[in-house]
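Subject: Predicted model for your review

Dear colleague,

Please find the structure below, followed by an account of what was found in it. I would be grateful if you would read the two side by side.

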Amino acid sequence: MIKVFVTPSCSSSNKAKKWFKLHHIPFQEINLLTRQLQIFEIKEILQYTENGFEDIISKKSDYFRNNPLDFETMSFNDLSEIIINNPRILKRPLILGPNSLQIGFNDEDIREFIPKELRERVICEDCDVFNNPCEYLNLLKNYFEEIKAELKNKQA
């Protein structure tokens, strides 16, 4: 399950949630202001970063501007405690997939969360989406029809 760590007033968080809903991709929304981040979640997030805490902490946040952090000397526990007690210090949204992390909202990068089976069906070297879009559009249409049918079955 994809986890989307958000704050309600963050426009990038709202764009990410809207994108997942539009594409009928299930996700778990975690509001950082109403539910405290857990240590295991911080570890999950950090395993996909290149530079650890430095990648997920916003240097533009009020907390960081008033309390610059030395990532080199601070311990994991100290940095985690700061995040848990000051969740607005994080860049948002943090989108945690089964094998990846996206920091912030990016129109292109978020497409990696489209289910693998759909991506495999639409990737075709011979298909010219602009001049002969029928194969691509038909696959996309069928995919969304399957999702709608599943939703109807669950509601019935």
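Of the 156 residues of the protein chain, 38% count as buried, where buried means under 20% relative accessible area, exposed over 50% and partly exposed in between, with a 1.4 Å probe and protein chains only. The accessible surface of the chain comes to about 10100 Å², and carbon and sulfur atoms hold 48% of that area; such areas come from the Shrake-Rupley method with a 1.4 Å probe, and for residues only the protein chains shown count as cover.

Please note that this is a predicted model, in which local features need pLDDT of at least 70 and side-chain atom pairs count only at pLDDT 80 or more, while totals for chains, interfaces and linings use all residues. Residues are numbered from 1 along each chain as its sequence is written, and side-chain values use heavy atoms, with hydrogens and water left out.

The secondary structure comprises 7 helices and 4 strands, in the order β-α-β-α-α-α-α-β-β-α-α from the N terminus. Helices (H or I, at least four residues) and strands (E, at least two) are DSSP runs, numbered from the N terminus. Among contacts with a separation of 6 or more, 62% are between residues 24 or more positions apart; contact means heavy atoms within 4.5 Å.

Aromatic pairs

The whole structure contains 5 aromatic pairs. The rings of Phe 20 and Phe 27 have centres 5.4 Å apart and planes at 35°, so this pair is tilted. Rings of Phe, Tyr and Trp (its six-membered ring) pair if their centres lie within 6.5 Å; planes under 30 degrees apart count as stacked, over 60 as edge-to-face and the rest as tilted. Phe 20 is buried at a relative accessible area of 0%, and Phe 27 is buried at 18%.

Phe 20 also pairs with Phe 113: the ring centres are 5.8 Å apart and the planes at 65°, so the pair is edge-to-face. Because Phe 20 lies in helix H1 (residues 11-22) and Phe 113 in the loop between strand S4 (101-103) and helix H6 (116-122), this pair ties together parts that are 93 residues apart in sequence. Phe 113 is buried, with 6% relative accessibility. Ring pairs join Trp 19, Phe 20, Phe 27 and Phe 113 into a cluster.

Ile 2 belongs to strand S1 and is buried at 8% relative accessibility. Beyond its neighbours within four places in sequence, its contacts include Phe 20, Phe 27 and Phe 113. The C-alpha atoms of Ile 2 and Phe 20 are separated by 9.7 Å.

Lys 17, in helix H1, also counts as buried, at 13% relative accessibility. Not counting residues up to four places away in sequence, Lys 17 touches Val 6, Phe 27 and Glu 29.

Helix H2

In helix H2 (residues 39-46), the buried residues are Glu 41, Ile 42, Ile 45 and Leu 46. Seen down the helix axis, they fall within an arc of 135°, so they line one face of H2; the arc is that of the directions from the helix axis to the C-beta atoms. The elements against which these buried residues pack include strand S1 (2-6), strand S2 (27-31) and helix H5 (76-85).
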